[in-house]
Amino acid sequence: MPVLSPEEAMTTNDPTSSIGAIAYEATIAELQAAMESGAISAEVLTMACLARIEALNRAGPCLNAVIEVSPSALETAIALDTERDARGPRSPLHGIPILLKDNIDTLDDTATTAGSLALLGSRPAAEATVAARLRAAGAVILGKANMSEWANFRSTSSSSGWSARGGQARNPHVLARSPCGSSSGSAIAVAASMCVAAIGTETDGSISCPSALCGVVGIKPTVGLTSRAGVIPISFTQDTVGPHARCVADAATVLGIIAGPDPRDPATAAAAGHVRPDYRTCLQADALRGARIGVLRSDRFAGFGRHVERALAAAVTAMAEAGAHIVDPVKLPEELLAFSEAELTVLLYEFKATLNRYLAERIPDPHAATPAPRSLAELIAFNEQHAERELFFFGQELLLQAAAVGDLDDPAYQQALASSRDEARKALDTVLYEQQLDALIAPATGLAWPIDLIGGDRYLGGSSSLPARAGYPMVTVPAGMAFGLPVGINFIGGAWSEPMLIRLAYAFEQATRFRQPPAYRERIVGDD
């Protein structure tokens, strides 16, 4: 393995070269081995990622995946190299460059804004627990990834991947197609090898959908396995934080670092008896042998198109050939598989309550030209005052709806919560138990649709809503290509079933190797 100098790292961007492959397509384990041998360093790896961002983010294909790069990232990497030489690595993430979604609070030289101009006038009161755990593990925080502004909970006609700060993020496989959201930049950056891994958040589909459309792995943990403290909120019953990576092994490695109880987030208390200190122990290539996999079927999924159906059929065949017992079909009530009025009601009430609390705790910047909003009402007013930049493409209908609801003791909220969360849990628990299933699988969503800032997303739905409403985990894995666009499938399980889902997803990945690096095409394959 050739030694890569810092100078070479800043100029080498060919992912097909031997050096480029080390810097851009290597796994965390391969990079750690290279750093241990002296073939590469955290400094060189960080410089290579920064060069990659420079070449692809605002130049070249203009992916708009990264909002802001940390000026101290390289200094951090150099210090971590010195520490490795003196005492060895802190963890499997020592020296590994990682991007954070722009709704994850940091107390460094980058802002945390949920993509909104409104929060540039204040800073977080404390660092997010997941960010602090990554730093303690020796990860290099490269900066903030672009996202759908306010985690796609602002408008009913938004374009996924757009934020006022970051602009419109683009799918690295076909640039005119949507990357989905809201963790758009996190998935794009991983796919395009701007970082080794990234952190996203999900309320309903925001890790899964970008992972599927950008052709990477995403883990959406059980609500409470990872801390939401210091994460700009939507819903305390559905929000969760998880990794994006180019392979299951890397996603599992990151999950082991960020998971676990946190006094700042009461929901994580239940994780004490379920968290694994190292999810790499779940990486078993033969895990499909003897596993019972249920294929979730729905009329809603038929709208994803025949190419997605073919990919799902190929995935089912691959699992059967690997020794899995396939239960097909598995049916659940159709109304439980879609984003519902009850779920929307829950999100509106919880968003209002939690965002008001979050905004009130941020520290104002005394030098800001415009005071940052301290409440949802002030945020709405800010957007109206800056409509030419914030509301030019689409509005803030969801913010207005949230502002109009009552408090959390409102019977309408309590009834919606019981209908949305409790019914979803009962349905999933029952089907998994009665059919003795290790997991369900389903297509994650349809193919990436054309970006349309005026008309908004042409989203066909997905399979994320049922586990989202239940607060249960899901692992998204590449499952093929169509027209140069990735297809993804979801492995869905019961509460705290991450070890099983990681085993199954890893075995599927190893058996199929469906993931392809992005080609940065201007149009879909076959569109001449």
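How many of the residues of helix 9 are buried? The legends below take up this question and then turn to other views of the model, which is predicted.

View 1. Helix 9 is mostly covered, with eleven of its eleven residues buried. Among them are Val248, Asp250, Thr253, Gly256 and Ile258. The buried residues of helix 9 pack against several helices, namely helix 3 (28-37), helix 6 and helix 18 (498-512). They also pack against strand 7 (197-202), strand 8 (217-220) and strand 9 (240-245). Gly260 follows helix 9 and has a positive phi, near 130 degrees.

**View 2. The packing of helix 6 against helix 9.** Two packed helices are described by the angle between their axes and the distance between the axes. Helix 6 (residues 129-136) and helix 9 (residues 248-258) have axes 8 Å apart and pack at an angle of about 110 degrees. Helix 6 is therefore roughly perpendicular to helix 9. Val130, Arg133 and Leu134 are the contact residues of helix 6, and they meet Val254, Ile257 and Ile258 of helix 9. Of the residues in this contact, five are nonpolar, none is polar and one is charged.

**View 3. The crossing of helix 12 and helix 15.** The axes of helix 12 and helix 15 come within 8 Å and cross at roughly 75 degrees. The two helices are therefore roughly perpendicular to each other. On the side of helix 12, the contact involves Leu344, Leu348, Phe351 and Lys352. On the side of helix 15, the partners are Leu398, Leu399, Gln401, Ala402 and Ala403. The contact comprises seven nonpolar residues, one polar residue and one charged residue.

**View 4. The aromatic pair of Phe153 and Phe351.** A search of the whole structure finds nine aromatic pairs. In the pair of Phe153 and Phe351, the ring centres are 5.1 Å apart and the planes stand at 65 degrees, so the pair is edge-to-face. Phe153 belongs to the loop between strand 4 (140-145) and strand 5 (162-163), whereas Phe351 belongs to helix 12 (residues 341-361). The pair thus links distant parts of the chain, the two residues being 198 residues apart. Phe153 counts as buried because its relative accessibility is 5%, and Phe351 counts as buried because its relative accessibility is 0%.

**View 5. Trp162 and a cluster of aromatic rings.** Trp162 and Phe394 form an edge-to-face aromatic pair, with 5.2 Å from centre to centre and 75 degrees between the planes. Trp162 lies in strand 5 and Phe394 in the loop between helix 14 (387-390) and helix 15 (397-404), so the pair ties together parts that are 232 residues apart in sequence. Both Trp162 and Phe394 are buried. Ring pairs link Trp162, Phe392, Phe393 and Phe394 into a cluster.

View 6. With a relative accessible area of 9%, Ala311 is buried. Not counting residues up to four places away in sequence, Ala311 touches Ala479 and Val487. The C-alpha atoms of Ala311 and Pro443 are separated by 8.5 Å, although these residues are 132 residues apart along the chain.

View 7. A cis peptide bond, with omega about 15 degrees, joins Gly181 and Ser182. Ser182 is in the loop between strand 6 (167-168) and helix 7 (184-191). A cis peptide bond also joins Asp328 and Pro329, where omega is about 5 degrees, and Pro329 is found in strand 11 (residues 325-330). Ala114 is a residue other than glycine with a positive phi, near 55 degrees. Ala114 is placed in the loop between strand 2 (97-101) and strand 3 (122-123), and at 1% relative accessibility it counts as buried. Trp150, too, is a residue other than glycine with a positive phi near 55 degrees. Trp150 lies in the loop between strand 4 and strand 5 and counts as buried at 2% relative accessibility.

**View 8. Confidence along the chain.** The protein averages a pLDDT of 95, and 95% of the residues score at least 70. Over residues 1-13, however, the pLDDT is below 50. The pLDDT also stays under 50 over residues 15-21. Where pLDDT is low, the predicted coordinates should not be read in detail.

Technical notes:
Residues numbered from 1 in each chain as written. Predicted model: local features only at pLDDT ≥ 70, side-chain atom pairs only at ≥ 80, totals over all residues. Heavy atoms only, no water. Phe/Tyr/Trp six-rings, centres within 6.5 Å; stacked < 30°, edge-to-face > 60°. Helix = DSSP H or I, 4+ residues; strand = E, 2+ residues; numbered from the N terminus. Buried < 20%, exposed > 50% of the residue type's maximum accessible area, 1.4 Å probe, protein only. Axes fitted to C-alpha atoms, helices over the stretch in contact; angles between N-to-C directions. Parallel < 35°, antiparallel > 145°, perpendicular 65-115°, else oblique. Contact = heavy atoms within 4.5 Å. Nonpolar A, V, L, I, M, F, W, Y, C, P; charged D, E, K, R; others polar. pLDDT = per-residue confidence, 0-100.
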